[in-house]
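Me: I am new to reading protein models. Could you take me through one, feature by feature?

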Amino acid sequence: MTGKKELYFHQLNGIRFIAVMLVLLDHWLIPINPFSFFGHLGVVIFFVLSGFLITRILFENADDCGKNHSSPTAKIIRFIYRRSLRIFPIYFLLMFIGLVLGLSNMRNLWPYLFFYLPNIYIMLKGTWLGIWDHLWSLAVEEQYYLVFPYFILLLSPKRYPWLFIAMLFIGIGTRLGFSLYASHDMKENNWMWWYVNPFSAVDCFGLGGVLAYLYHYKQTYFQSIKFLKLGLLISVLLFVGVLNLAKMSEFPHDNVWSIVFERFSGAIVALFFIALCIRTDTWELSSFLQGKVISYLGKISYGLYLYHNIVMNYYHNQGNTIWYYLTSHLPDFHLELVNFTAYKFLICLSLLIGISSLSWFLVEKPINKYKNRI
């Protein structure tokens, strides 16, 4: 059975591109990048965006259950089926390649990676996963997908605002609790515990849910809001202020600004940014975000994010990445650090776009056509 055509927000591909580029700038330009927050903000944008898109779809399903007395269980199964078709194929393809080649300790890590638990491994062991580091955020999203639909499909719509308020308290409260009660040694040596904890990201998904609620149930009010651009400007200034306060601390991972407020203030930036992009009217960045090149790169952004550590990883490069094998055949440029790092970035970006494009046309796009069939 073929489902109805979904509403498509054209500018959101541009947001996906910006989010993944922030991650690349953070992970690939470590020697010359003075802004360590790029990757953090990129991941937060993805969380808020997922919160908006997934919640809006679930609202449509919940409305259908209410009007036509459809089965919530069937809706949840369909939702998981569609998410699985979008996420699993190239994820498990990469896992298979990593297992066959034995990349970055995959043969010991595979139970956590195959069952979307790398963030749990990081929390328990207090260590990262080599070239599989970035998969913690995909695990957090998958854990969210498996739990959140029940709340939307089984609660009354009147309860939704309370659900999102609870999500804000859970996310902020989890990080605040870590900031207040974790020992200094834990904050400095295992700060990843709060960073990759699924509960620590719930406020980001909740803010996306708030936006979905306004868009779906309060459409007239949402379209009439006048202060979104001002809100974006103020939220950016707030985010920069929080970053400066965090940076002033003697211990970068042991202060309330970096643990509690950096993620939340970044999520507020994402909230206003996404809100401007889903309105019916255009704004100053609309043309850029809908440009053909930017839109295409946003379309393949899942592949860009998934494969980028395989192309190059600054901390875990040797023997595990494509860049490592290329360097044995590239000339020795003897350039200064800035020029070499920029050159390296462009080569790796070209490789990553090529791999992600092949992935999109050979695997993702053909499989995506089955998303509306169940």
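Reply: Start with serine 104. Its relative accessibility is 12%, so serine 104 counts as buried. Buried means under 20% relative accessible area, exposed means over 50%, and partly exposed lies in between (1.4 Å probe, protein chains only).

Me: Where is serine 104 found, and what is its phi?

Reply: Serine 104 is found in the loop between α3 and α4 (106–114). Its phi is positive, about 45°, although serine 104 is not a glycine.

Me: What kind of model is this, and how are residues numbered?

Reply: This is a predicted model: local features need pLDDT of at least 70, side-chain atom pairs count only at pLDDT 80 or more, and totals for chains, interfaces and linings use all residues. Residues are numbered from 1 along each chain as its sequence is written, and side-chain values use heavy atoms, with hydrogens and water left out.

Me: Is histidine 69 buried or exposed?

Reply: Histidine 69 counts as exposed, at 70% relative accessibility. It is found in the loop between α2 (38–68) and α3 (72–101). Histidine 69 also has a positive phi, about 55°, although it is not a glycine.

Me: How many helices and strands does the protein chain have?

Reply: First, the rule. Helices (H or I, at least four residues) and strands (E, at least two) are DSSP runs, numbered from the N terminus. The protein chain has 18 helices and 0 strands.

Me: How do I read the span of a helix?

Reply: The expected span is 1.5 Å times one less than the number of residues. Take helix α1, residues 11–28. It has 18 residues and reaches 26 Å from its first C-alpha to its last, close to the expected 26 Å. Helix α1 is mostly covered, with 14 of its 18 residues buried.

Me: Why is helix α16 largely enclosed by the rest of the structure?

Reply: Count its buried residues. Helix α16 (residues 301–311) has 11 of 11 buried, so it is largely enclosed. Among them are Tyr302, Leu304, His308 and Val311.

Me: Which residues is methionine 312 in contact with?

Reply: Contact means heavy atoms within 4.5 Å. Leave aside neighbours within four places in sequence: methionine 312 then touches Trp28, Asn317, Thr321, Trp323, Lys344 and Cys348. Threonine 174 is 138 residues from methionine 312 in sequence and 33 Å from it in space, C-alpha to C-alpha.

Me: What share of the residues counts as buried?

Reply: Of the 374 residues, 51% count as buried.
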